[in-house]
Amino acid sequence: MPRKIAIIGAGIAGLASAISLSNELTPKVSGLEIIVYERSKELSTAGGAISLTPIAQRHLDDLGVLSKLNQMGPEAGVEVDTIDLFALNSGRHLGPLRVTASKDAGCDNFKGRRVKRISLALAMVAAIEDLPNVSILYGKKLTGGDTTDDGVTLTFDDGTSASADLALGCDGVHSPTRTRIVDPGNESKYSGVSFVQSITSAVDASHPTRSETTSLHIGRHGSILTSFCDPNREKLFVAAVLKVNELLIERYYAALEGDAAAQNSMKMSLRYLVRNQSNNSRVPTLRKMVDHAEDWDLCPVYQVRPGRPWHRGRIMLLGDAAHAMPPRDESTTHALEDAIIFSRTLSHNVGQPIANSFQEFECERRAFIDNAFDESFHLWQRNQDLAASLNYLKDPMSPVSRPASPDVNVDRIPPLSVPMPMNDSFSDLSVCSLTQEYLGSHGII
């Protein structure tokens with residue numbers, strides 16, 4: 001049984017793994033030491049506000065993180081009961097989606113939650129501070145490593161190295177643990193879709209849709225999400241889900257390394273993209289919300305090829321490092337589940353070779369993850385085919401100049417019944433993909 005465990009990455013998967021491993025193994029393994037190696041010099045504030053599903057909230061409660069999050073006052077986020085759906089162009093209300101899990105998911109006491117990613121990270125770090133055998137080292141960018149039957153050696157860009165009995169690659173979709181050690185050359189692939197997002201003050205602007213917490217404006221070529229992320233409704237998360245060219249992504253990352261002028265210029269370009277999308281809407285307050293936001297970030301959605309190795313020697317990949325999915329993923333929930341299931345599997349196999357735990361974990365997770373990937377990929381492909389067909393039919397028949405027409409015919413709207421996403425939960429991309437498919441199949445958008 002490993003006594004020294006290295007975790008690469010202090011994202012959700014890495015921090016959850018550290019907590020879960022400590023909870024499971026401390027009573028069974030003397031001298032347990034868990035070290036999290038994070039490439040950044042401090043916790044990243046990137047990522048805007050994320051959606052926690054009822055299942056994710058249950059997992060966080062099991063880890064002892066939810067109580068820490070609930071102690072953070074306004075930074076704890078806001079509960080989400082429903083997501084109000086609107087047609088982007090006309091502004092017509094299409095109906096609500098209830099954010100609930102199936103009855104057998106064990107989540108009756110939990111709702112959805114919108115929370116800033118940094119707030120969740122701070123709550124997880126607070127939980128780790130209560131664990132004497134877990135530490136986090138910052139400024140540790142992985143450059144390589146090796147694994148044998150006896151242990152793992154990791155090297156970092158500051159010239160240092162570390163050894164461990166077991167290593168977990170929780171370093172995200174661009175994981176160097178995957179691309180340099182476990183499955184060399186298995187690079188992530190851009191999905192073609194990005195979030196362009198901002199968190200802005202809601203004090204001087206009314207909410208665009210009179211929704212209690214979250215609204216999603218669905219369009220044929222993109223969608224705009226608006227969601228309060230604090231109980232006082234002072235902070236508003238605004239995100240556009242758009243197709244973004246990879247050239248712009250390259251320019252975006254180059255600008256991040258540039259001076260203030262380059263960064264400001266890129267933020268203006270991103271703002272223009274979202275404004276161009278919101279200008280299609282007949283809801284003036286939606287355009288106002290977009291204009292009100294200034295500090296825009298670009299978050300491309302990547303995926304990792306399915307069916308590839310998750311482990312090598314004594315190194316296991318978890319979360320997005322192993323299985324980032326097409327644009328309908330539930331990455332937070334999957335990351336938490338990976339951490340908890342792997343930790344319990346390792347605890348169950350105390351005294352057994354690590355290979356036994358790896359094999360048992362794969363048997364538990366591989367089929368579920370592959371099925372989730374297939375469902376996501378095929379749904380996304382159907383959405384792309386539908387959009388292409390609609391454009392093919394529309395463009396030749398549309399006059400060069402015409403008045404804006406509503407994108408919804410009220411008489412044609414059937415009762416809204418969007419199928420439940422994988423994992424009994426709703427991520428932002430799940431709602432976009434499923435709703436677009438449903439409305440498109442009925443000729444509503």
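Trainee: What should I know about the model before we start?
Mentor: It is predicted, so local features need pLDDT of at least 70 and side-chain atom pairs count only at pLDDT 80 or more, while totals for chains, interfaces and linings use all residues. Residues are numbered from 1 along each chain as its sequence is written, and side-chain values use heavy atoms, with hydrogens and water left out.

Trainee: How many helices and strands are in the chain?
Mentor: The chain has 12 helices and 19 strands. Both are DSSP runs numbered from the N terminus, with helices being H or I of at least four residues and strands E of at least two.

Trainee: And what share of the residues is buried?
Mentor: Of the 445 residues, 54% count as buried. Buried means under 20% relative accessible area, exposed over 50%, and partly exposed in between, with a 1.4 Å probe and protein chains only.

Trainee: What about contacts in the chain?
Mentor: Taking residues at least 6 apart in sequence, 76% of the contacts join residues at least 24 apart. A contact means heavy atoms within 4.5 Å.

Trainee: Helix pairs next. How do H1 and H10 sit, parallel or antiparallel?
Mentor: The axes of H1 (residues 12–25) and H10 (residues 331–348) come within 8 Å and cross at roughly 25°, so the two helices are roughly parallel. Axes are lines fitted to C-alpha atoms, for helices over the stretch in contact, and angles run from 0 to 180 degrees between N-to-C directions. Under 35 degrees counts as roughly parallel, over 145 as roughly antiparallel, 65 to 115 as roughly perpendicular, and the rest as oblique.

Trainee: Which residues make that contact?
Mentor: Among them are Ile-12, Ala-16 and Leu-21 of H1, and Ala-335, Ile-340 and Arg-344 of H10. By class, the contact of H1 with H10 has 10 nonpolar, five polar and two charged residues. Here Ala, Val, Leu, Ile, Met, Phe, Trp, Tyr, Cys and Pro are nonpolar, Asp, Glu, Lys and Arg are charged, and the others, Gly among them, are polar.

Trainee: How about H7 and H8, parallel or antiparallel?
Mentor: H7 (residues 260–278) and H8 (residues 284–292) have axes that come within 9 Å and cross at roughly 175°, and are therefore roughly antiparallel. Arg-271, Val-274, Arg-275 and Ser-278 of H7 meet Arg-287, Val-290 and Asp-291 of H8. That contact has two nonpolar, one polar and four charged residues.

Trainee: At what angle do H6 and H7 pack?
Mentor: H6 (residues 246–256) packs on H7 at about 145°, with the axes 8 Å apart. The residues of this contact divide into eight nonpolar, two polar and one charged.

Trainee: Switching to H2. Is that helix mostly covered or exposed?
Mentor: H2 (residues 54–63) is mostly covered, with seven of its 10 residues buried. These are Pro-54, Ile-55, Ala-56, Gln-57, His-59, Leu-60 and Leu-63. The elements they pack against include H1, H4 (117–129) and H10.

Trainee: What follows H2?
Mentor: Gly-64, with a positive phi near 80°.

Trainee: Which residue has a positive phi although it is not a glycine?
Mentor: Arg-233, at about 55°. Arg-233 lies in the loop between strands S15 (222–228) and S16 (235–243), and is partly exposed at a relative accessible area of 32%.

Trainee: Last one: Lys-116, buried or exposed?
Mentor: Lys-116 counts as buried, at 19% relative accessibility. Lys-116 is in strand S7. Leaving out residues up to four places away in sequence, Lys-116 touches Gly-48, Ala-49, Glu-75, Ile-199 and Cys-229.
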